[in-house]
Structures are given as structure tokens and as C-alpha cells.
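I open my notebook on a new model today. I want to look up its domains, its contacts, and a few helices and strands.

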Amino acid sequence: MDLNYSPEETAFRDEVRAWIEANLPSEPRDKVLSYGELTKDELLGWHKTLAKKGWIAPHWPREWGGTDWTVVQRYIFEEECGAAGCPPIVPFGVRMCAPVLLRFGTDAQKQRFLPRIYNGDDFWVQGYSEPGAGSDLASLKTRAVRDGDHYVVTGQKIWTTLGHYGDWIFCLVRTDPKTEKRQDGISFLLVDMKSPGITVRPIVLLDQSREVNEVFFDDVAVPAENLVHEENKGWTVAKFLLGYERMGTGNIAVCKRELARVKELAARAGLLDDPRFTDRLTRVEVELMALEITNLRFLDQLRGGRPPGAEVSLLKIKGTEIQQALTELMMQTAGPLAPIFRPVAPDAPFDAFTATLFPRYCNVRKATIYAGSNEIQRNIIAKATLGL
Amino acid sequence: MNFEYSDEQRLLSDTLRKFLGTGYSFDARGKIIASPAGFSDDVWAALAEMGILSVPFDAVYGGFGGTTIDMLIVFEAFGEALVVEPYLATVGLGGRFVARGGSAEQRARILPALIQGKHKMAFAQTEVDARWDLRRVTTRATKSGDGWVLEGDKRAVLHGGSADTLVVSARTGGASDDARGISLFLVERTAPGVAVTEYRGLDNLRLANVRLSGVRLGRDALLGTEGEGFGLVEEVVDYATALLCAEAVGAIKYAHDATLDYLKTRRQFGVPIGSFQALQHRMVDILISYEQARSIACLACVKVDTADAAERRRIVSAAKIKVADAARHVSQEAVQLHGGMGMTEELKISHTFRRLTMIAQAFGDADHHLARFAAASR
């Protein structure tokens, strides 16, 4: 057991750090560090920069653009991106749809979609949840009826993150409503969001941001060639994908950056002399120190390309709890100034950064709900790891 | 960076676990803790025979020359089996003091005998009202002729009653809370003026109060530099704390496994109680506490040997905070989920509960280490 980086790993870290330093534009970085809202172009812009460098999809097979990095190298890369304030890599294409295509897609589908996902030509989003199908995803009702060489899709998806940026959406749809088990009769479809019959409507969240949407499908024609895996076998795909979805949810590098920020703000507010505050802060920091090692121990077990299992549920639970605790501490540093959100007169003087802390606390409540609520994660661990 | 054990480490783990599995069953342990000494000479001899007593020491003295990760392996196994032998006191504290601070003569005199199982040690530090403050030393060492005279009162000395040699902290200068002026002495337990009163701990370890009345020591009894003992005390206690964290991880593992097993076998309302979601989620939280405690114990054992004292303090205190929290959480939940049976002396879970509870506040409880972590982070 050796928790120090080897000379090669240190050299790799230095290389990544120097490259980010030279290539990360200050504008999106400052937005990330001050919790601003990134535009579609800013998100895709960073994606394209990484793609040009060949670093956008480290975990893909070499032939499709993967880097053959070790588990530790991948970790170092994420660590450096997080620390530097790089825009997040939107996961729906590179980390979710692509692994599905690599595992279940036809050659034609791979050829058609993977290079575009890699290069950031399309903005992908995820069409899983429905008004009546959240944690109980298998009860989804959006119908896809085969009609010649295409499917006709009718129904509604909800909580579609960045759906208003979406060029393409991967969806779980019901192709057979009469099966005994609800998990049967579901299929995995790729849908062009420019198709006639699709309407995207924003849902305003408790921080008043626009981040998630409702997506309505009204007799949308989808070419049958966009079916991934077999018809009525979509649940297998869905389960495969969920492991990958949870993988990126306990972002340790970002938590470390946020922790440093909390300390900075707390120092300014004089809170580091208050043992009641520092005790809570320390418990979060210690939990994060432990989670970093837990994460590495689990990644170590994933060597050799085994798809992530129930252990990522543990990372998701702890990681999101830490994220929430950090935003709570951060909001607290604002004290009586926390409620100030926007000036009434647009040109009034305004501490825009402090104004992000309360909305952010509100926004991050989502973390323990999305990608399978933390209660669902506990169900998964109970079943898969503990055998209960 | 890697998390694999080496072949040697795997062998160490297998050998020790095999021994404990056959020779240290819960029944066998029951007889040991009921014996007058409270531990087993045979087990001690076997640990010497297997080289377990030699793990952290230099090959010059017959040691294995192992790392603190090797010690983590030992302590995890001990924690699972609830070993009561004076290993931490002898190897983790006394032996560590001698190895790190002793003169060439002291090392040569003590370490080979210790490794062969012929010499046990303990660390006499705590005094009335000192709580966790290692600076709070009022025991006095006064120069007398060529040597020293000790006067003082030490409390709750872990395995003090069975130690051949006690490492005693005493003041040779400074006020009672000063870091400067603390010196360390090697004192034979049977020396004139040493009065030892032994106690049985509720966690089945032995402790002793040690009264030192006009204890005359030669010049060679001083360990390290006069008045400069505090740095070594802090360093060795940090080392022992990291090891204790590893022991806790082993005990937590046992509590996890036993509780999970109980949820699967205990039936109520016609079904295993593990089918109830309220209990499933609590069981998952036990698992999470275990994984997190294990991670931070690994970190502490890797970093405890660092030369950077501030970093060492920070990491060891971080580990102790998490391990204390996890020990409390898991031990309480394990008893609760075992229901009435968890309350009984008959089940190992109650013994594990008591040991974990005491580990949680040995060498400083979570509150103490929260304050220490904050100070070390400044």
C-alpha cells in the first residue's frame, strides 16, 4: 500500500496542470469559481478544447479516442480539472450515452454517434424520469409504437437537466405495455430534439434557476435505426447506464475546492475562531479526507474495466452529503447578508458573489435526489452488497 | 499509488488470522479474560514465536523492520478478535519509545527481550485531572547524586500491572502545563517505591494506578534528552492512536459482519428482520461508517511516520475524529439491531461494543481531536 504518487504519476499531474493553466480560458473559469451559469457554448467550448487535446473521454476504448490512462491517472486528471475550476464535462454524451453505445450499439450507431459525441458536435441530454416514474423508473409510460421504419413516440419526460440546450436526447420508452413485468417492454431510443412534436418547457427550481425541464413528445417520429439494443430490452441498458451515472456524482475534486473556499470565507467572517463552526467544518473535512481514500480504494477495484457496481452508490451517498454540508456552511458565512439575491435597480451596487451562496445551498439540495435518490442508493447497497 | 498488500503483508495477515481463528475463539478469549492475569502467557509466547512482537522493530534487534501498514494489518486482526494481550502497551507504546528515543544501550537491552516475548512494557502518563492534555505532568524527577528520584501518581496506565518496565513521564523543569521540562524515564515495575494497583477495565483490558514514592533511578534511566521529552510523547501517542484506529476498524468489521448475519437469520413476523427497509438503511449506514473509518485509518497509518509534525498531528486527529464517530455509531447500532441479545454478556457483540466505546475516547475523544485538528490546521 502506497498513498504517494509515483514519479511518473507526479510528472503526469504536472503535465495536466500546466496544460490546463495554458488552455483554460479565464471567462468560464471565473464563472465556475463564482457559481455563475454556464452557457451552452461555454460548456461545449471546453468540451471541444479537451477533445482537441484528446482528453475528453479517457475511459473509452483506445480505438474510439480513449487514453488508456490508469485509474490513478484518471483520478489525477479529474482532481486537476476540479482544482483549477474547469467547466464540468456534461456527462450525458461522453459518460452516459457513449458507454451504452460502446456496449450495446451497432457498428453503424457507433460510427454515426461516437465521433460526434467525442467532438462535442451535439449536446446530449437524458430522458429517463417521468411525472409518475421517479425512483420507480420502471413504471414509465412514454409510448413508442412501431410504424414501418420508425417509432411514434408520445408522452412526457421530466427533470431533464439542460434539456433546453439539448440537440439529442436518449430516452427510455415503453414499446410493449402488456408485459407481466414492467421492466420488460421498455426500449432505449435516441431522439433528435429538432424532430417535430417535441416541446421543451422550463421548470423553475427553488433557487429560481433554469436548469431542468419538462420534455413533451407529441407523435414524434423516430427512425427505427435509433433503437439501441433490442426492442423491449431497454431495462438492461438502463441498469448498465445507472452505474455510470452515479460514478460522477460524488465529485471529490470539486468538494476539495469548495472546502478551501468555505475556509477562506469563514476566515473573512471571523468564524474560524468559533469552535461551534469549526467543529462542523472539521467533521465535513474529515469525511472528505476519508472519502477521497474510499474513492481511490474502490477505483482500484475497478481496474480491468469491470463496470461500476454498488460501491459507487456509497460514493454517491457520501459525496452528495458532503456537497450539501459545504454549501450549508458556505451560506452560513454570509450571515445576515445571505438573503440578498438581486438588486431592484439593475445598476445598484451589489455583492454578486455573496448573493450566490443562498441559491447554491438551495440548488444543491438536488444532489441527494438526482441520479437515484440516496434512499434508492441505500436500497441498492442493501440488496447488491449486503444481500438483504 | 496503490492499495494492494504485498505478498509479505498478505502472509502476515493470513498467518495471524489463522492463529486467531483457531487459538483465539470467543470461548478461548472468555477463559483468558477470566484468568487472574487477564491475558494469556501462551498467546504472548505464540505472538513472539510468529514474529508478531517484532513487526515494527529494526532487524538489528531481531525485528521484522515492518511499516506502520504492517502494524495496521496486525491491529485490524486484533480488533476483530478483541485481543486483550498487552500488545499496544508493549509494542506500540513502550517499544516505540525505546526504538525512537532510547540510547543504543537501552535499545540493545530492551528490544531483543521484548521481541522474544520476555519483556513487557507500559506507558505511565495520565494523572488526576490531566484528561487528554499530554503537557499536564506533575510527577517530579529530582536530581539526586548521579541519578534521579521520582515522586508522583499515575492513573489508568494501560497494562501497567504486567509491564516489566514502565516509561514514566515526569517533570524536571517548567510549570505543570509546560511542554518544556518533561523528561522520560525507564522504571522497573518492581523497583522500590513503585506501588501498582491493578484494575480490570469493563472492556476487559487491564489498567493500573501507579504510585511513585521516592523511586531512586540511575543516570541511565533517562530516556532521551532531559526536559525535551514532550515531542517524543506526542509522536508516540500519535503512533499509538493510529494503531488504535486500525484496531477499531477491525472491531467495527466484526460488528458489521455479526449484525448483518443477525439481520439475515433473526425472524420476526414470519420473515427475516433484514427484509425491513428501516433496518436495511441502517445496515447500509454501518457499512458506510466502516468503509470511511477504514480509509482514514489507512491514511493515518501511512502518514504517521512523516517527519512533518504538524501534518502528522492533523492527519492523526482527523483519523481519530472519524474513527471515534464511527466506533460510537456502529457499536450503538449493532447493539440496537441485535435487540435484547445485543445487551447480553453472552454475545461477542456486547464485548465489541465496550471495546469500541473505550477506543472512541482513548488518547483523546472526538471533541479533543476536533480542537487539535483546528489548531494544527491554522
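**Entry 1: domains of chain B**

I start with the domain assignment of chain B, which gives domain 1 (7-119), domain 2 (122-228) and domain 3 (231-377). Such bounds come from an automatic or database domain assignment. Before going on, I note that this is a predicted model: local features need pLDDT of at least 70, side-chain atom pairs count only at pLDDT 80 or more, and totals for chains, interfaces and linings use all residues. Residues are numbered from 1 along each chain as its sequence is written, and chains are lettered from A and ligands numbered from 1 in the order in which they are written.

I count two residues as in contact if their C-beta atoms, placed from the backbone, lie within 7 Å.

Helices (H or I, at least four residues) and strands (E, at least two) are DSSP runs, numbered from the N terminus.

**Entry 2: a hairpin in chain B**

I look up strand S6 (residues 194-200) and strand S7 (residues 206-217) of chain B. They pair in the antiparallel sense over seven bridges. Two strands pair if DSSP finds at least two bridges between them. Arg200(B) has Arg206(B) in S7(B) as its bridge partner. S6(B) and S7(B) form a hairpin with five residues between them. In the turn, Asn204(B) has a positive phi of about 70 degrees.

**Entry 3: domains of chain A**

I turn to chain A. Its assignment gives domain 1 (7-89), domain 2 (123-233) and domain 3 (248-385). The C-alpha centres of domain 2 and domain 3 of chain A lie 30 Å apart. I find that the contact takes five residues from each of these domains of chain A. On the domain 2 side, two residues are nonpolar, two polar and one charged.

**Entry 4: strands of chain A**

Strand S2 (residues 143-147) and strand S3 (residues 150-161) of chain A run antiparallel, joined by five bridges. Ala144(A) stands opposite Val153(A) in S3(A). S2(A) and S3(A) form a hairpin with two residues between them. Gly148(A), in the turn, has a positive phi of about 65 degrees.

Next I follow S3(A) to strand S7 (residues 210-223) of chain A. Ten bridges join them, and they run antiparallel. Gly155(A) has Phe217(A) in S7(A) as its bridge partner.

**Entry 5: helix H8 of chain A**

Helix H8 (residues 252-268) of chain A has 17 residues. From first C-alpha to last, H8(A) reaches 24 Å, close to the 24 Å expected at 1.5 Å a residue. The expected span is 1.5 Å times one less than the number of residues.

Which residues of H8(A) are buried? I list Ile252(A), Val254(A), Cys255(A), Glu258(A), Leu259(A), Val262(A) and Ala266(A). They cover an arc of only 140 degrees around the axis, which puts them on the same side of H8(A). The arc is that of the directions from the helix axis to the C-beta atoms. A residue is buried if 20 or more other C-beta atoms lie within 10 Å of its own, exposed if 12 or fewer, and partly exposed in between; C-beta atoms are placed from the backbone.

The face turned away from the buried side carries the exposed residues Ala260(A), Glu264(A), Ala267(A) and Arg268(A). The buried residues of H8(A) pack against helix H4 (71-84), H9 and H10 of chain A. Just after H8(A), Gly270(A) takes a positive phi of about 75 degrees.

Notes:
Nonpolar A, V, L, I, M, F, W, Y, C, P; charged D, E, K, R; others polar.
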